[in-house]
Amino acid sequence: IHTKQQKVTSLQRLKVLEDQLPAHQFIRIHNSYIVALAAIDAVHKNEVQVGSVMLPISDSYKRSFKEFLDRNQLQ
């Protein structure tokens, strides 16, 4: 888990974490990534920019990510 202040290691599965996070603030974009809406700086065709880091959006999460963006007016 990466925050602005620190990096935290957890043994919790991402699916469990995803279920615990507020769905209107966080979205799964890849088997390895969940991002906070507030942390997204830009959205490119197949990637999300968080600061200087580019995170891939996997094919299996593209549709739900687009719907999430549409609901939250970020594009």
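**View A. Lysine 15 and aspartate 19 form a salt bridge, with their closest N and O atoms 3.2 Å apart.** This is a predicted model, in which local features need pLDDT of at least 70 and side-chain atom pairs count only at pLDDT 80 or more, while totals for chains, interfaces and linings use all residues. Residues are numbered from 1 along each chain as its sequence is written, and side-chain values use heavy atoms, with hydrogens and water left out. A salt bridge here is a side-chain nitrogen of Lys or Arg within 4 Å of a carboxyl oxygen of Asp or Glu. Both partners sit in helix α1, four residues apart, or about one turn of the helix. (Helices are DSSP runs of H or I with at least four residues, strands are runs of E with at least two, and both are numbered from the N terminus.) Lysine 15 is partly exposed, at 49% relative accessible area, and aspartate 19 is exposed, at 53%. For these words, buried means under 20% relative accessible area, exposed over 50%, and partly exposed in between, using a 1.4 Å probe and protein chains only.

**View B. Arginine 28 reaches glutamate 18 in a salt bridge of 3.1 Å, N to O.** Arginine 28 belongs to strand β1 (residues 26–30) and glutamate 18 to helix α1, so the pair ties together parts that are 10 residues apart in sequence. Is arginine 28 buried or exposed? With 9% relative accessibility, arginine 28 counts as buried, whereas glutamate 18 is partly exposed at 26%.

**View C. In helix α2, aspartate 70 and lysine 66 lie four residues apart, about one turn of the helix.** Their side chains meet in a salt bridge (3.1 Å, N to O). Aspartate 70 is partly exposed at 36%, and lysine 66 is partly exposed too, at 48%. How many salt bridges does a search of the whole structure find? The search finds four.

**View D. Three strands make an open sheet in the order β3-β4-β5, with antiparallel pairing.** β3 (42–43) and β5 stand at the edges with a single partner strand each, so one side of each is left without a neighbour in the sheet. Strands of a sheet pair through backbone hydrogen bonds, either parallel or antiparallel. Two strands count as paired if DSSP finds at least two bridges between them; strand β4 (residues 47–50) and β5 have four. Look for glutamine 49, whose bridge partner in β5 is methionine 54.

**View E. The largest pocket has a volume of about 870 Å³.** On a 1 Å grid over the protein atoms alone, a pocket is an open set of points where a 1.4 Å probe fits, with protein on both sides within 12 Å along at least five of seven lines; lining residues have an atom within 4 Å of a point. Of its 26 lining residues, Ile1, His2, Thr3, Ile34 and Val35 lie nearest the centre. Strand β2 gives the most to this lining, with four residues. By class, the lining has 15 nonpolar, eight polar and three charged residues. (Ala, Val, Leu, Ile, Met, Phe, Trp, Tyr, Cys and Pro count as nonpolar, Asp, Glu, Lys and Arg as charged, and the others, Gly among them, as polar.) The volume is the space filled by probe spheres set on the points, which are joined across faces, edges and corners.
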